Amino acid sequence: MARGREKAPPVKHRSRSVTAEEIAERTYQDKRQNEVRTKKRRRRKAAILVLEGLVLIVLLIAVYLVTRWDSIIKADFSRGDVKVNTDLSENTLISLKGYRTFAVFGTDARDMTKEKGHADVVMLVCINNETGDIKLVSVFRDTFMNDSQDTDAYRKMTTMYWRDGALGGLGALNRNFDLNITEYVAVNWYAVARTIDLLGGIDIEVPDSMMKYINGYIQETRNSTGLFTDPDDFESDYIYAPGYQHLNGVQAVAFCRIRYIDNDYGRAERQRQVVNLMLEKAKTASLPTLISILNEIPQYVSTNIEVSELIPLAEVIARFNIVETLGFPFDKQAKKVKEGGADFVFPVGLEQNVVRLHQLLYENEDYEASETVKAISKYIEKYSGISAPD
């Protein structure tokens with residue numbers, strides 16, 4: 001019987017020897033991967049710690065603010081006393097939701113418990129509740145407006161506050177601009193100057209045109225606030241040269257108040273510029289600095305905002321970002337109507353200006369002015385003799 005062909009023994013595949021270089025490369029790659037994983041874990045832990053730190057800081061500030069809230073001067077009126085137009089359309093009311101708008105008044109009153117003072121600063125602060133974006137609108141103090149407390153009267157915006165305080169200021173803003181704001185914060189020049197000092201000052205460009213006036217304003221502000229860099233040196237806070245420089249609180253307030261180098265429009269723009277710089281510094285300020293501000297400023301602040309209403313703001317405070325600053329009216333003309341009378345800033349078409357205001361602040365492209373605003377607009381055109389655009 002024939003023997004079959006014997007099966008060949010299985011072939012043994014020899015393993016290729018691994019070089020020392022390859023082993024070193026693999027070891028290096030494994031080490032790199034481990035380092036990457038470790039760094040990711042550390043970053044996650046660091047992010048958690050940072051987040052926890054921010055939450056802790058916000059909570060500490062909130063707790064401290066509650067303890068100091070009694071020092072803040074409270075409004076002597078209720079929210080329901082603030083007059084709001086009753087003919088706002090449903091579209092307008094819907095568009096105002098999702099935003100928190102309040103008024104800021106900067107007053108020249110030295111003792112805010114005894115006097116109202118004139119509102120040298122009138123500012124609308126509009127916060128997008130979702131994004132934290134802030135838009136600032138300065139209402140020129142000499143703007144000719146209808147008085148919400150006496151609807152047959154027309155006055156300067158600054159006079160509204162002088163006559164009726166924040167109640168009159170809020171009512172005038174609502175009546176003339178189709179708004180429904182009931183919240184305000186009023187501060188005097190001491191509060192602004194001292195806050196800037198505690199934040200370490202601000203860096204800003206001082207134009208050559210300001211040099212003729214700024215030291216006079218600095219001296220007046222020093223006398224008004226009682227703040228002196230050196231009480232024994234009369235000229236310690238004076239500025240002697242234009243250019244980009246570091247300003248303390250008194251100097252920055254004087255920078256805000258000057259109006260003779262241009263007009264009310266330029267001054268309002270400088271005020272918004274300083275507010276923007278203050279906010280940016282506050283966002284990066286240390287906890288002790290913020291506590292110092294909260295400790296010193298309350299007695300120079302008046303508001304009707306409650307502590308509980310600050311919580312929604314605290315949720316987006318880290319995202320606060322001023323995205324636009326504007327002056328109102330957008331289209332305007334300064335004019336003295338009567339011989340020897342006051343200079344007013346007249347909106348060239350109040351209705352058209354208010355339409356643009358709602359488009360810019362609330363992104364309401366379909367806004368239509370109320371009958372109240374339309375009537376005020378027609379009266380201003382007739383009184384001033386300044387025709388509104390078609």
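These exercises look at salt bridges in the structure above. The model is predicted: local features need pLDDT of at least 70, side-chain atom pairs count only at pLDDT 80 or more, and totals for chains, interfaces and linings use all residues. Residues are numbered from 1 along each chain as its sequence is written, and side-chain values use heavy atoms, without hydrogens and water.

**Exercise 1.** Describe the salt bridge between Arg-100 and Glu-183.

*Solution.* 
- Recall the term: a salt bridge is a side-chain nitrogen of Lys or Arg within 4 Å of a carboxyl oxygen of Asp or Glu.
- Check the distance. The closest N and O atoms of Arg-100 and Glu-183 are 2.8 Å apart.
- Arg-100 sits in strand β2 (residues 99-107), and Glu-183 in the loop between α3 (157-177) and β7 (184-188). They are 83 residues apart, so the pair links distant parts of the chain. Helices (H or I, at least four residues) and strands (E, at least two) are DSSP runs, numbered from the N terminus.

**Exercise 2.** Are Arg-100 and Glu-183 buried or exposed?

*Solution.* 
- Take the cut-offs: buried means under 20% relative accessible area, exposed over 50%, partly exposed in between (1.4 Å probe, protein chains only).
- Arg-100 has 12%, so Arg-100 is buried.
- Glu-183 has 9%, so Glu-183 is buried.

**Exercise 3.** How many salt bridges does a search of the whole structure find?

*Solution.* 
- The search finds 13.
- Asp-120, Arg-141, Asp-142 and Lys-156 are linked in a network.
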